[in-house]
Each structure stands twice: as C-alpha cells, then as structure tokens.
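Dear colleague,

Please find the structure below, handed over for your reading. My notes on selected side chains follow it.

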Amino acid sequence: MNRLELTGLATRPAQVWGGIRLVPLVREQPVEGLRLHEELYTEYGHGVVDVGPRTHYASVIPHGFVADWSGEGEQSAAYGTQLGAAAGSPAGSRPAPRTARLQRHRHHRMAKRRPGDRLRFLPLHLALEGYLSLHFGGPAIAWEEWSRQALRDGLSPRAEDAYMGWSVRGLGDALRVFEIHPGQCGVMVYAADALAAAFVLPHPDDYRLLHPSLVEDLYGELIHQYALYGAPVPEFTARIPDGPRLRSLAALRAAARECEREWAEAHDTLFAGELLDTSYAFDRVYRMGSFTLWRFLPPFLTGGAGQHIGETITDHKGQVAYLKTFRLSEAQIRRGHLLHRLADADWRLAGAAEALGTTEEEVVRRIRAAGFDSLLRARASRGNPR
C-alpha cells in the first residue's frame, strides 16, 4: 500500500464561499462494519499526549474520534462518547473557542483501545505527531559537527505552527451555509483553490455529526494566508452546449449528468491530483478487526506540487473508510527533505552534501535555516567519528 484510493466515493459539484471551495464526496453505499463518533473535550485547551518514554506531544486538542467496529450501529455512542452538546447546552451546539484560561487535558497515547471493539484516537494530531517524530532521535554517530545537545536529545523539542479552522477566513461560514448532500461522507476543502484538507468518513450519519468539527482542525500557514489574502474563486457553473436542441427531460437529465461527470474528472485529475497521485510511506498504527488505522508521510520532494500528511482507516480491500489530511508548507517540506537526506547519509555532512549536490557549507546553512541550529556546534566543520 503506497497510494490513497478513494474507491466508492463520487465527487459532486463544488460549493464556493469567497476564497473557500468545498467539494462534497458522496458514497452510494456506506462502508459496512465501521462507525466513527466524536468525543468532545468541553473544557479543552492545551492537550498533552504521552507518546513514549519521556516523550510528549502538546497542542490544542478539542476532540477525539472513537472508531467502533463492534457492529452495534447507533448504540456505539456509549462508553463516554459525547455526540453533541454538553449538558445544559442547546442541541447541536459546540463549545466556543477559548482564548483565555486554557486548561490542560492529558491523554495516554495517540490511539488507545476502549472497552469493546472501540478505539479512541486524536484526529490529525496522529498524523502531525508522525511528522514531528521524523528522524527525531537525531545523529546516531558522534560526528564532530553535532552539538552535545544533538547527540543527547536529538531533535527534542520539535515544534511546528498551525492555525485553527475558525481563524481560516470564510471556512466557518462555508461549512455553516452549504447544505450536506444525501449520502455525503466527505469533503475536500480548498482555499484559493489550493487543497487544504480532505476529510472522509464511513457513513453519512457520521459525516453529518462531524461536519462542524472541520473548524476545530489545524491548517497550515499557507492555507491561512491564501484564505486571508486570496481573491474569491470562480463558482462551479454547468453549461449544456446543446441545450436548445434537447427535446425531453431524459435528454436534459443525461446532459446534466455528463456535466457532473466532466467536473468530477477535472477535479480528481487537476484539483486533487497532488493528493491522489503521490506515493506515501504508510505506518500502521492499529489493527481493528478487518480495518487498519494508518498514518502516512509524503516523499518530501522539493519544488513540486503541494504535499500532505494524514491518517486513514482502510478495510481489508484497501478501501478508504476514514481520511483526514494536512497540507504542509514549503518550509515544512524542505525540513522533511533535509532530515531524510541527513538520515540517509548517517548524519555525515559530507555524505548529505553529496546526496544534495551541494557543499558542506551549504548543508550547514540549510540546517540553520530550517531551525535546527541547536543541532550544530558553534563552528560546524567536516567531521570524523570520535
């Protein structure tokens, strides 16, 4: 498995609100045997996740998802899953964004088994932690270029910036205004026609419940800037060239369906091509009966199209039941590319410079520009193992 296959999902015409474009994804049949529900942390703020010995992940974590493969259907909301408002709140409401008195919620592991056939995981943070842990251990050989801190602590701490969805201009309004299609199980979110995120669920009822949660997700700096400064994008408009010559409703219906097919083909090959045509490195997180939870990383190729990290649940045939993605910025792609080259060269600057087709001095400059200055000695030079 090295690609994302959205088999069973059909693309519907886009909905546009200013610079935000939402592309609905519809299933003819729900994925059998899996349901996803939300676990709201109503007093949310800074969440801390224990991911390993003396290793923690910290971020704003407003909610978790609970995957249920027990086959109990709607009864799967049990075991502490909160499916809507907190007690005393209006039905369907969500906690307001908090800017003060943030509280800290501590989680044990990114994905944790719950009673019965259920798994709680932290959506999107599972993928972001995978990116932050990329070559986290740092140099494995004590080349003289690396500082004592690098040899002792590796890349700890590592941090990346992101924006909450409610700060992405127009996103909240778009999600609130547009209707949800019958059978809709997902959506592609674009800002200034740059793919910001893909979100897919196994069942239409799950999507209706979790549709508002997109404003609580994290989005990259590029998406925030595109939404803030980008011009409104063109709306989807269906034009039937032979309209005047159509003599029946059946002919008009067939022409309209052809327009939908052309739009879907254009979207899947042009708009979403950067996500669907990329080869990923998948890391299995948890096996859930006939389903598997994965997180994935892109190849970190510089100078090309946008690249995404994410997490997915697939069935035994590889069909995507759940998907959530995060678009990396160019700087984040360059950091991933540089770390891969350093690790492939066993963290020897000469080997990394050769792989990158440049000089050791330029590699040092890139390391500093990437924010990894603390890894280097004050005067990094060509090194030998001590």
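Asp117 and Arg113 are joined by a salt bridge, with N and O 3.2 Å apart; the term denotes a side-chain nitrogen of Lys or Arg within 4 Å of a carboxyl oxygen of Asp or Glu. Asp117 is partly exposed at 31% relative accessibility, and Arg113 is partly exposed at 40%. (Buried means under 20% relative accessible area, exposed over 50%, and partly exposed in between, with a 1.4 Å probe and protein chains only.)

Please note that this is a predicted model, in which local features need pLDDT of at least 70 and side-chain atom pairs count only at pLDDT 80 or more, while totals for chains, interfaces and linings use all residues. Residues are numbered from 1 along each chain as its sequence is written, and side-chain values use heavy atoms, with hydrogens and water left out.

The structure holds 18 salt bridges. One of them pairs Asp68 with Arg118 at 3.8 Å, N to O. Asp68 is buried at 2% relative accessible area, and Arg118 is buried at 1%. Another salt bridge links Asp373 to Arg368, where the closest N and O atoms are 2.4 Å apart. Asp373 is partly exposed at 38%, as is Arg368 at 31%.

Finally, Arg158 counts as buried, its relative accessibility being 12%. Residues in contact with Arg158 (heavy atoms within 4.5 Å) include Tyr131, Leu132 and Phe372, leaving aside residues up to four places away in sequence.

With kind regards
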